[in-house]
Amino acid sequence: MGQSEMNKIKTVSLIAGGFLAGAMISLHLPALADKEAGPGLPIEELRTFAEVYGAIKQGYVEPVEDKKMITNAITGMLSNLDPHSAYLDADAFKDLQVGTQGEFGGLGIEVGMEDGLVKVISPIEDTPAYRAGIKSGDLIFKLDETPVKGLTLTDAVKKMRGKPKTPIKLTILRKGEAKPLEITLIREVIKVQSVKSKLVEPGYGWIRITQFQENTVADLAKHIGKLYKEGDGKLNGLVLDLRNDPGGLLNSAIGVAAAFLPPDVKVVSTDGRTEDAKQEFLARPRDYLRGTREDPLHGLPVDIKRVPLVVLVNSGSASASEIVAGALQDHKRAVIMGTQTFGKGSVQSVVPLPGNTAIKLTTARYYTPEGRSIQAKGIVPDIVVEETADGSAASTIGRIREVDLERHLNNDREKEEASPRSETKPTATKPSNGKPGKDKSGKEEDEENMPQRLEYASPGDYQFQQALNLLKGLQIMQYKPK
């Protein structure tokens, strides 16, 4: 390979998030140039490949284009490595580049593949999927009238995308349901608000990050300033809510951690086979800024580095969320509360290819400042608190984690533990659009049969209330005379 060709192979990103239907993936830094020379090509295996290629070309019942066969071969090579490596066609690659801006078309589902079916990892807040009651663990086996079996994840995601205001029917297998569920969703241009906040009571604030996007660090700084203004310049405690945050941009995760940590401490490191994959990222502007933009964290109240902090996580907290939680936990800057996180601790590099396509390839693992591997393990909270007092919340049933995914990358530093699975109970079929539907008799369904979604930071949010109670205790201990 010539030098000019090598220069064309440039990695666009390191990914710290899942594959979203309508798709939002993240971008960061170079990783695949100047590889060490590998062993010689496997001649016998390549000869077998050529013979299979020739047999299909000559004898298959219908003609097959060369481009299609090569694309299928590439897709197969990548999809059989791990759940996060994939071939991105022109549409998927474009969505990857656009999606991190927080606006993309689709249904609002983070998905993976299991047994040839699309598996829902998590619906995204304030999207058609979320409002329709799509749940983590749902298996999508039909899109309109097209069976999912036999489709690649990229093909399935492409079918879920489409023009806004157009419908698509998902046929779903849900654990605990005797029959498949048919849910019709209306596609939307989805605008995800990355950061939300409110002063829940005098002196105590709540900040929620739904995804790590390009503007997340700047938005976080604005919300912190807003809380201090509403609190007359003082905060006694803060809850950072990362529940059901699927991840996003690595540099945004570093910036969020840096807002609460001392300057220049380690936030996260990566390690892989190549030199480019061995990196350390610190709480400093050059590691969380892109280009030469002004540092959005400059001018934050000095007290934000010391204010008592509780971070809420659950099994839907993945990748970038786990990087932030792990860094704050290792530096003993915050108390991590909730349930064990998803465990997506691998780095995906995106390599552009000719024809505006790309490959997304797992090239490294993430490690917390103390060297703990996040992969297939996740972050174990300092204080485990289930979603409800009795631990029976319906939304936690069927939750999946990285360790549950087929061909997941192993944790190289700790022994894996099987993900506990809850028994599910049959539930009523939910209408698809968040509005009352009709039962078999033609009557409007009761509100009790509607999907129940947790209102974050509300009196009914058990985990948040426990975090608030802890903050008040920490605040009392902080000012207790020695």
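Biologist: What share of the 482 residues in the chain is buried?
Modeller: Buried residues make up 52% of them. Keep in mind that this is a predicted model.

Biologist: How many helices and strands does the chain have?
Modeller: There are 11 helices and 22 strands. Next, look at how sequence and contacts relate. Of the contacts between residues at least 6 apart in sequence, 71% join residues at least 24 apart.

Biologist: What about the outside?
Modeller: The chain exposes about 23,000 Å². Carbon and sulfur atoms supply 53% of that.

Biologist: Now a single helix. How do I check the length of α7?
Modeller: Count residues and multiply. Helix α7 covers residues 216–230, which is 15 residues, and at 1.5 Å a residue it should span 21 Å. The C-alpha atoms at its ends are 21 Å apart, so the two agree.

Biologist: Which residues of α7 are buried?
Modeller: Start with the general idea. An α-helix has 3.6 residues a turn, so positions three or four places apart point the same way. In α7 the buried set is Thr216, Val217, Leu220, Ala221, His223, Ile224, Leu227 and Tyr228. These residues cover an arc of only 165 degrees around the axis, which means they sit on the same side of α7.

Biologist: Which exposed residues does the face turned away from the buried side carry?
Modeller: That face of α7 carries Lys222 and Lys229.

Biologist: What covers the buried residues of α7?
Modeller: The cover includes strands β12 (195–201), β13 (204–209) and β14 (237–241), along with helix α8 (250–260). Look also at what follows α7: Asp232 has a positive phi, near 55 degrees.

Biologist: Let us turn to charges. How many salt bridges are there?
Modeller: The general point is that side chains of opposite charge can pair when their charged atoms come close. Here the count comes to 22 salt bridges. Take Asp138 and Arg174, whose side chains meet at 2.8 Å, N to O. This pair links distant parts of the chain, 36 residues apart. Asp138 is in the loop between α5 (128–132) and β7 (139–143), and Arg174 is in the loop between β9 (167–173) and β10 (181–186).

Biologist: Are Asp138 and Arg174 buried or exposed?
Modeller: Both Asp138 and Arg174 are buried.

Biologist: Which parts does the salt bridge of Asp241 and Arg208 tie together?
Modeller: Their side chains meet at 3.5 Å, N to O. Asp241 lies in strand β14 and Arg208 in strand β13, so the bridge ties together parts 33 residues apart in sequence. Asp241 and Arg208 are also both buried.

Biologist: Which residues do salt bridges with shared partners join into one network?
Modeller: The network holds Glu125, Asp126, Lys196, Arg208, Asp241, Arg243 and Asp461.

Biologist: One last surface feature. Which residues form a nonpolar patch?
Modeller: Val52, Ile56, Tyr60 and Val61 do, with about 400 Å² of accessible area together. Ile56 belongs to helix α2 (residues 43–59).

Biologist: Why does Ile56 count as partly exposed?
Modeller: Its relative accessibility is 34%. Partly exposed runs between the buried cut-off, under 20%, and the exposed one, over 50%.

Definitions and conventions. Residues are numbered from 1 along each chain as its sequence is written. This is a predicted model: local features need pLDDT of at least 70, side-chain atom pairs count only at pLDDT 80 or more; totals for chains, interfaces and linings use all residues. Side-chain values use heavy atoms; hydrogens and water are left out. Helices (H or I, at least four residues) and strands (E, at least two) are DSSP runs, numbered from the N terminus. The expected span of a helix is 1.5 Å times one less than its number of residues. Buried means under 20% relative accessible area, exposed over 50%, partly exposed in between (1.4 Å probe, protein chains only). The arc is that of the directions from the helix axis to the C-beta atoms. Contact means heavy atoms within 4.5 Å. Patches are made of residues with over 30% relative accessible area and no salt bridge: like charges are joined within 9 Å, nonpolar side chains (Val, Leu, Ile, Met, Phe, Trp, Tyr) within 5 Å. Accessible areas come from the Shrake-Rupley method with a 1.4 Å probe; for residues, only the protein chains shown count as cover. A salt bridge is a side-chain nitrogen of Lys or Arg within 4 Å of a carboxyl oxygen of Asp or Glu.
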